[in-house]
Amino acid sequence: MYFPISRLRRTRQNENFRKMVKETYLSADKFIFPIFVAEGNKIKREISSLPGQYHFSIDMLNKEVEGVRALGIPAILLFGIPDKKDDTGSGAYDNNGIVQEAVRLIKKKIPEIIVVTDVCLCEYTSHGHCGLIRRHKAEGGKQRENYEVDNDASLELIAKTALSHAEAGADMVAPSDMMDGRIGAIRSVLDDNGFSGTPVMSYSVKYASAFYGPFREAAHSTPQFGDRRGYQMDPSNSQEALREVMQDLDEGADIIMVKPALSYLDIIKKVKSDFDIPVAAYNVSGEYAMVKAASMKGWIDEKKITLEILTSIKRAGADIIITYHAKDAAKWLREDK
Ligand code: PBG
């Protein structure tokens, strides 16, 4: 067969030609920028495991969000870093909790930004798990007591958290706990309370990943015992991802998230092609931290690598990209225009 390699090459060498045949476009319109909100005043504290990312106190948020807006990024994803934690994660669903207050303030000052909230208990529980813990007494010769994450008992608290975010003004809620049945529980509580128009972006396909390491340091949410393999997915599986998606769609999820992104491009592609629904990919803390560390060492070109990574996530099929690189990438995309 005749293979027109020379003509292909010509389209690559000429910039205008290259643009004409370009298939994937990155745009700041598709980014969601995660922001960590901490308690206190006048705080803008760099997170050591995530250079260039900060903990902000509520009074410092406006300026940051204005900056995000000015770069053409339409949405933020809020995480709360509370001072106090307890067994039931009560700070998560406190109407005057840190995220609820932050949402109220942002929506008052900058109503046009889309505020998405992470709905989970892990930042608020003293044990660091995403749900309630049921302990079984140590038996006979057993040294340590057993525990399990109580899926069903957690649902009510997770739904309560989502409702409190919606009441504060959140435009969309994003449950990340991976309890079974949480989308249905959230959907019905929202609907029953006048928030049938509030969409749910579900962390449907969330792997039990080492790439969350820097986030857990940032959010102080490392489990104090055990790990999250009981409720997050095994990185070896992809068919299971489709079952998780089906389940969440069935329960009323509007946007499906795959997380992490870079090691799971095949999953993004599969979810997008099998379901053809809006797909979000979370380019997580570990992916960001690796790029930052290597570029601070001068080993890689941060701008090129970042844009290449984000392009690959888009090319795989993500409509939305949640990324700590959002502000930098938006700047670079603007410069390159
Ligand atoms: C849980 C949550 C996590 C992340 C987002 N939401 C951590 C986890 O499941 O341990 C990770 C985000 C990242 O690594 O950037 N509330």
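On a 1 Å grid laid over the protein atoms alone, a pocket is an open set of points with protein on both sides within 12 Å along at least five of seven lines, while a cavity is a set of points where a 1.4 Å probe fits but cannot get out; lining residues have an atom within 4 Å of a point. The model here is predicted, so local features need pLDDT of at least 70 and side-chain atom pairs count only at pLDDT 80 or more, while totals for chains, interfaces and linings use all residues. Residues are numbered from 1 along each chain as its sequence is written, and side-chain values use heavy atoms, with hydrogens and water left out.

Start with the largest pocket. Its lining takes in 24 residues, and Lys22, Thr24, Tyr25, Leu26 and Leu333 lie nearest the centre. The pocket holds about 940 Å³ of space (a volume is the space filled by probe spheres set on the points, which are joined across faces, edges and corners). Helices α2 (15-21), α11 (302-316) and α12 (326-336) each hand over at least two lining residues, and α11 gives the most, with six (helices are DSSP runs of H or I with at least four residues, strands are E runs of at least two, and numbering goes from the N terminus). By class, this lining splits into seven nonpolar, five polar and twelve charged residues (Ala, Val, Leu, Ile, Met, Phe, Trp, Tyr, Cys and Pro count as nonpolar, Asp, Glu, Lys and Arg as charged, and the others, Gly among them, as polar).

Now for the ligand. The space it takes up is the largest cavity (a molecule sits in a cavity if more than half of its atoms lie within 2 Å of the cavity's grid points). That cavity has about 150 Å³ of space, and Phe79, Ser176, Lys206, Phe215 and Lys259 are the lining residues nearest its centre.

Around the ligand there are 19 residues, with Lys206, Arg216, Lys259, Ser285 and Tyr324 coming nearest (near means a heavy atom within 4 Å). Strand β9 (201-206) and helix α7 (213-219) each supply at least two residues of this shell, which comes out as ten nonpolar, three polar and six charged. Polar side-chain atoms also sit by oxygen atoms of the ligand: 2.5 Å away for Arg216, 2.6 Å for Tyr324 and 2.7 Å for Ser285. Taken alone, the ligand exposes 400 Å², and the protein buries 100% of that (areas come from the Shrake-Rupley method with a 1.4 Å probe).

How values were computed
Polar contact = N/O pair within 3.5 Å; in protein donor to acceptor, adjacent residues only side chain to side chain.
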